[in-house]
Amino acid sequence: MSTRTPLMAGNWKMNLNHLEAIAHVQKLAFALADKDYEAVEVAVLPPFTDLRSVQTLVDGDKLKIKYGAQDISAQDSGAYTGEISGPMLSKLKCTYVAIGHSERRQYHHENEETCNAKVKAAYKHGLTPILCVGEGLDIRKAGQQVQYTLNQLDGALKDLPAEQAESIVIAYEPVWAIGTGEVATPEDAQEVCGAIRGRLAELYSQELADKVRIQYGGSVKSGNVAAIMAQPDVDGALIGGAALDADEFVKIVRFRDQ
Ligand SMILES: O=C[C@H](O)COP(=O)(O)O
């Protein structure tokens, strides 16, 4: 029986302005009870422009919900127009930062080197990375999903010390399942999540690998979350579309009731 606390994180992507963010987090706060937070860690990843509003709400009302950003610059400061740095995110008391989401890889040409630099930047500033990995459809069709995903993992973790790696969160998100309604089967999720844990054991130690939380992401909904969470190496979900509906997100958090 795993002692890892599941992490249910809502990645809002480029949705919800700061006023909508406040209303949404208030809804979650109203619906979620202490027993939910005891069973599951709950987090939201709003757009950068919402973070101050979310921080004010969480701090002011002492909410147990965690929050974080969807990206981080590898640089601390300077002439990097449009970028947001680790010091800025830690000043806003972010807990998490997503790194290497497939949409960042696709639209912003992020690769293993970028992800590695961003993972290190996150730790440098006290943020916990949610490192996203996962294969596209062509790789899946070729049966190369495990090797491809492990290569992404190796690159992003290069030279990362064990005392940092032990707190990382890995999100396995097969690209073909993101926003498509095409959810991976629980067995598909387990195959790659299990392989990720195996690689962490090779790179570091079994003890470390057993501590790391590995999420599944890709068309997670209240109707399919329980079966995915029943897999031994799946420790949570990174939820996109379904996280924009507060009632649905609460149902996902309460996956044991589904
Ligand atoms: O970060 C979240 C994933 O990209 C999943 O998105 P989705 O739940 O809309 O498929």
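## Ligand shell and annotated active site

The shell around the ligand has five nonpolar, eight polar and one charged residues. Here Ala, Val, Leu, Ile, Met, Phe, Trp, Tyr, Cys and Pro count as nonpolar, Asp, Glu, Lys and Arg as charged, and the others, Gly among them, as polar.

This is a predicted model: local features need pLDDT of at least 70, side-chain atom pairs count only at pLDDT 80 or more, and totals for chains, interfaces and linings use all residues. Residues are numbered from 1 along each chain as its sequence is written.

In total, 14 residues surround the ligand. The closest are Asn 11, Ile 178, Gly 217, Gly 240 and Gly 241. A residue is near a molecule if its C-beta atom, placed from the backbone, lies within 6 Å of it.

The UniProt annotation "active site", from an unreviewed entry, covers His 101 and Glu 173. Such annotations may be inferred rather than shown by experiment.

| Residue | Loop between |
|---|---|
| His 101 | strand 4 (96-99) and helix 5 (102-108) |
| Glu 173 | strand 6 (169-172) and helix 10 (186-203) |

His 101 is buried, with 28 other C-beta atoms within 10 Å. Glu 173 is buried too, with 30 C-beta neighbours inside 10 Å. Buried means 20 or more other C-beta atoms within 10 Å; exposed means 12 or fewer.

Contacts require C-beta atoms, placed from the backbone, within 7 Å. Not counting residues up to four places away in sequence, His 101 touches Gln 70 and Cys 132. On the same terms, Glu 173 touches residues including Cys 132, Ile 178 and Gly 217.

Key: Helices (H or I, at least four residues) and strands (E, at least two) are DSSP runs, numbered from the N terminus. Two residues are in contact if their C-beta atoms, placed from the backbone, lie within 7 Å.
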